[in-house]
Amino acid sequence: MIELCVALDMPSKTQNLKLVYQLKGLDIWLKVGLRAFVRDGTEFIKDIKNIDNNFKIFLDLKLYDIPNTMASTALELAKLDIDMFNIHASSGKIAMKQVMDVLKDIKNRPKIIAVTALTSFDNKLFEDIYHQNIQTKAKQFAIQAYEAGLDGVVCSVFESKTIKNTTNDKFMTVTPGIRPFDEVSNDQFRVGNIKAAKDEMVDMIVVGRPIYEDKNPPEKTREILNNISKKTREII
Ligand code: C5P
């Protein structure tokens, strides 16, 4: 069954928390990104949990640094009340292994996933940096993340099945760039809808603008949940 993660990317804390209130009671994850975390800090995570403690939180900070800094930061992140965070696969296998190693004795540690290729990259932009096409490199990054012991990867919908086939069914694929019912793609290049996510065996779809820019975000969220066959918890 696919999980839905709603990106809290609104311009202010007040707007983000209003959205959280509107979504209270729904069986979803919430994604706290760089902007919100830099501005609103760890208090923001507490605010979300105060609204509904059942929301799972994905902290999307995309760590990229030397192994020692990544590992010590991971240890700090694991102290927060979050359920998942991410690091860049391009930070290398040693850094990824060191992150997993430092967390190995922590009970109920958050899931750690690796960013393969940003969904805003087209092939040309990607090749300018990585000198390989997206599919080949994303698969290579995923294998390295899998071998380093991570729980999954962030990838586009179109790489999910290949990644699962070359790693393991249980290796999570988390896919942004989702336009559930073919809404406008904005700055995302490799976008896919719910049907594509199902066909590609995706574990979690991340949806931002199609929800928070909709005239009725809770209604839109329920519609998505119904389409990914999730039962909607009743609004408290
Ligand atoms: O509004 P939209 O649905 O495009 O939001 C996608 C979210 O997923 C944004 O918060 C963006 O930062 C994040 N993301 C992404 N591509 C990645 C990793 C995260 O778009 N590879």
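What volume does the largest pocket have? About 620 Å³.

## Ground rules

This is a predicted model, so local features need pLDDT of at least 70 and side-chain atom pairs count only at pLDDT 80 or more, while totals for chains, interfaces and linings use all residues. Residues are numbered from 1 along each chain as its sequence is written, and side-chain values use heavy atoms, with hydrogens and water left out.

## The largest pocket

A pocket here is an open set of points on a 1 Å grid over the protein atoms alone, where a 1.4 Å probe fits and protein lies on both sides within 12 Å along at least five of seven lines. Its volume is the space filled by probe spheres set on those points, which are joined across faces, edges and corners.

The largest pocket is lined by 32 residues, and the closest to its centre are Asp9, Lys31, Asp60, Lys62 and Gln188. (Lining residues have an atom within 4 Å of a grid point.) β3 gives the largest share of that lining, 4 residues. Sorted by class, the lining has 17 nonpolar, 7 polar and 8 charged residues, with Gly counted as polar.

## The ligand and its shell

The ligand takes up the space of the largest pocket; to sit there, a molecule needs more than half of its atoms within 2 Å of the grid points. β3 (56-63), β8 (204-207) and α9 (209-212) are the elements that give two or more residues to the shell around the ligand.

There are 17 residues around the ligand, and Asp9, Lys31, Gln188, Gly208 and Arg209 come nearest (near means a heavy atom within 4 Å). The shell splits into 8 nonpolar, 3 polar and 6 charged residues.

Now for the polar contacts, pairs of N or O atoms within 3.5 Å. Asp9 puts a polar side-chain atom 2.5 Å from a ligand oxygen. For Gln188, the distance from a side-chain N or O atom to a ligand oxygen is 2.8 Å, and for a polar side-chain atom of Arg179 it is 2.9 Å. Of the 470 Å² that the ligand exposes when taken alone, the protein buries 87% (Shrake-Rupley areas with a 1.4 Å probe).

## The second largest pocket

The second largest pocket holds about 170 Å³ of space. It has 12 lining residues, with Glu3, Trp29, Lys56, Lys111 and Met204 nearest its centre. By class, that lining has 5 nonpolar, 1 polar and 6 charged residues.

How values were computed. Polar contact = N/O pair within 3.5 Å; in protein donor to acceptor, adjacent residues only side chain to side chain.
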